[in-house]
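Colleague: I would like a close look at a single part of this model. Please take the pocket.

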Amino acid sequence: MSTAVPFFRPNVTDAEIDEVVAALRSGWLTTGPRVKRFEEEFAEAVGAPHAVAVNSCTAALHLAVEALGLRAGEAVLVPTLTFAATAEIVRYLGAIPLLVDCDPVTLNVDLEDAGRKLESLAAGRAVAGVPAGTKAVGIIPVHVGGLMMDIAKVKAFADRHDLWVVEDAAHSFPAAWRSSPGQAWQRCGENTSAISCFSFYANKTITTGEGGMATTFDGDLADRMRRMSLHGLSQDAWKRYSGGGKWDYRILAPGFKYNLTDVAAAIGIHQLARAETMRKEREAIAQRFAEAFAGADELETPPMPEDRIHSWHLFPIRLRLDRLSISRNTVIDELRERGVACSVHWRPLHLHPYYTETFGWRPEDLPTATAVWERLISLPIFPGMRDEEIAAVVENVRAVCKDNRRSLSTAARV
Ligand SMILES: Cc1ncc(COP(=O)(O)O)c(C=O)c1O
């Protein structure tokens with residue numbers, strides 16, 4: 001099949017375009033009324049009283065750990081299977097990411113491994129390059145691909161070990177969880193942690209081009225993040241220059257430059273309005289993939305627990321390499337040659353030079369992530385994906401697997 005399928009195509013309508021034009025014509029380009037509206041509507045959408053809009057999820061995560069008082073030399077539990085941002089913001093403050101293995105099926109952080117690592121530290125043993133006696137103060141779980149973790153378990157774990165929780169919710173808007181089918185749904189951000197950090201990067205479930213949001217139930221944390229997002233100033237430009245405002249301000253802390261612009265928020269307002277419609281589209285594609293691959297024994301599809309509303313930012317399949325004669329990378333190359341663009345989420349952090357060289361992590365320290373990432377492929381999934389594009393993904397994945405099946409006699413020897 002010759003249909004070319006991109007990994008992602010942004011879903012932008014005239015509503016976003018008209019709002020951006022209106023923002024440009026309004027004369028107010030930076031943080032102003034459209035950001036305020038976007039914050040209010042996003043807070044309502046996740047069911048949180050406070051939302052602080054910023055220019056990336058990375059910025060939101062940085063502001064979150066700063067507001068929680070993270071200090072140099074302290075440790076924060078961070079999954080190794082995540083994007084660079086989750087751990088680098090811990091380094092921004094001179095603290096140490098204590099890497100944790102993942103669950104082989106959900107790909108989310110493995111709390112049992114986290115517990116073992118904390119016990120080792122408490123017992124006076126170093127964990128890789130993290131010195132014995134280092135105090136762990138927090139955990140940053142990631143809802144990988146939009147599949148939420150069991151929040152009750154995360155909270156119980158954090159309470160047991162006296163840790164704060166900041167959710168890296170870059171993938172999980174809109175998403176929800178419940179502890180069992182009879183329970184009420186709880187949205188990601190609806191008091192699911194101290195601070196939840198969302199991404200509006202170009203290929204995320206909703207986008208502002210670049211952008212992010214931190215939500216919280218704690219007014220003091222919200223105030224600190226808002227202030228630090230704009231140089232630590234006592235009042236922002238909109239307050240100073242809009243009708244009746246005063247020019248004067250005070251620097252209250254050495255902050256950052258993380259504010260979102262009104263031009264970006266103009267896109268976000270309309271993406272937000274369509275968020276659930278777009279999620280349902282992604283969910284329908286995920287269901288089609290799951291059904292189409294049900295009989296393919298060369299791969300495993302992601303779990304679809306009934307106690308989750310999944311955002312389906314990603315559709316990560318796991319290859320069964322024992323049944324294939326080629327590697328994951330070759331499968332991706334063959335799919336690309338057939339016009340299907342795929343990706344991998346992610347090479348685990350402990351297999352990157354910085355984390356190996358700085359903290360001495362070895363592949364065997366995080367065995368599940370080391371093994372599973374070699375099998376991962378993220379297939380294209382996005383709202384607006386055309387029927388023939390979905391069919392092309394299914395057909396080509398099946399064909400590459402079939403053409404490269406390991407013969408049974410060889411497979412038996414592996
Ligand atoms: C899990 C995770 N966390 C954080 C980020 C950072 O998001 P942003 O690009 O908005 O800073 C990403 C981006 O892809 C991500 O995948």
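How many nonpolar, polar and charged residues are in the lining of the largest pocket?

Modeller: This is a predicted model, where local features need pLDDT of at least 70, side-chain atom pairs count only at pLDDT 80 or more, and totals for chains, interfaces and linings use all residues. Residues are numbered from 1 along each chain as its sequence is written, and side-chain values use heavy atoms, with hydrogens and water left out.

The lining of the largest pocket has ten nonpolar, seven polar and eight charged residues. Here Ala, Val, Leu, Ile, Met, Phe, Trp, Tyr, Cys and Pro count as nonpolar; Asp, Glu, Lys and Arg count as charged; the others, Gly among them, are polar.

The volume of this pocket is about 520 Å³. A volume is the space filled by probe spheres set on grid points, which are joined across faces, edges and corners. On a 1 Å grid over the protein atoms alone, a pocket is an open set of points where a 1.4 Å probe fits, with protein on both sides within 12 Å along at least five of seven lines; lining residues have an atom within 4 Å of a point.

In total, 25 residues line the largest pocket. Closest to its centre are Thr31, Glu39, Arg226, Asp236 and Lys239.

Helices (H or I, at least four residues) and strands (E, at least two) are DSSP runs, numbered from the N terminus. Helix 2 gives the largest share, five residues.

Helix 7 also meets helix 3: Leu63, Ala64, Glu66 and Ala67 in helix 3 contact (heavy atoms within 4.5 Å) Leu221, Arg224, Met225 and Met228 in helix 7. The residues of that contact are six nonpolar, no polar and two charged.
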